[in-house]
Amino acid sequence: MSVTIHPSADVQTDRIGSGTTIWQNVVVLPGAEIGSEVNINAHCLVESDVVIGDRSTIKSGVYLWNGVSIGRDAFVGPNVTFTNDKFPR
């Protein structure tokens with residue numbers, strides 16, 4: 001299986017498993033690790049220190065900040081917000 005990346009996506013990592021699909025207007029920064037058969041929907045951001053497990057789905061509008069790790073077979077719904085601020089005000 002090959003990796004499918006939409007032409008408008010800006011994917012700067014080569015750590016992507018086979019069968020993964022990355023849709024339009026997605027930004028993936030260098031160093032991010034994406035498993036096999038992952039589906040990343042439109043308008044998402046994946047920072048450098050992020051791991052996404054095999055067969056996970058990331059729906060539209062999700063931002064995965066440094067330090068976020070998504071397990072295998074996970075579903076992250078549309079516009080879910082993560083934070084990497086351990087002590088928010």
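Visitor: What is the accessible surface of the protein chain, and what percentage of it belongs to carbon and sulfur atoms? After that, please look at the sheet that contains β8.

Guide: The accessible surface (Shrake-Rupley method, 1.4 Å probe) comes to about 5200 Å², and 49% of it belongs to carbon and sulfur atoms. This is a predicted model, in which local features need pLDDT of at least 70 and side-chain atom pairs count only at pLDDT 80 or more, while totals for chains, interfaces and linings use all residues. Residues are numbered from 1 along each chain as its sequence is written, and side-chain values use heavy atoms, without hydrogens and water.

Now the sheet. The protein chain has 12 strands and zero helices; strands are DSSP runs of E with at least two residues, helices runs of H or I with at least four, numbered from the N terminus. Three of the strands make an open sheet, ordered β5-β8-β11, with parallel pairing. Two strands count as paired if DSSP finds at least two bridges between them. At the edges lie β5 (33-34) and β11 (69-70), each of which pairs on one side only. Strand β8, residues 51-52, pairs with β11 over two bridges in the parallel sense. V51 has S69 of β11 as its bridge partner. In general, the strands of a sheet pair through backbone hydrogen bonds.
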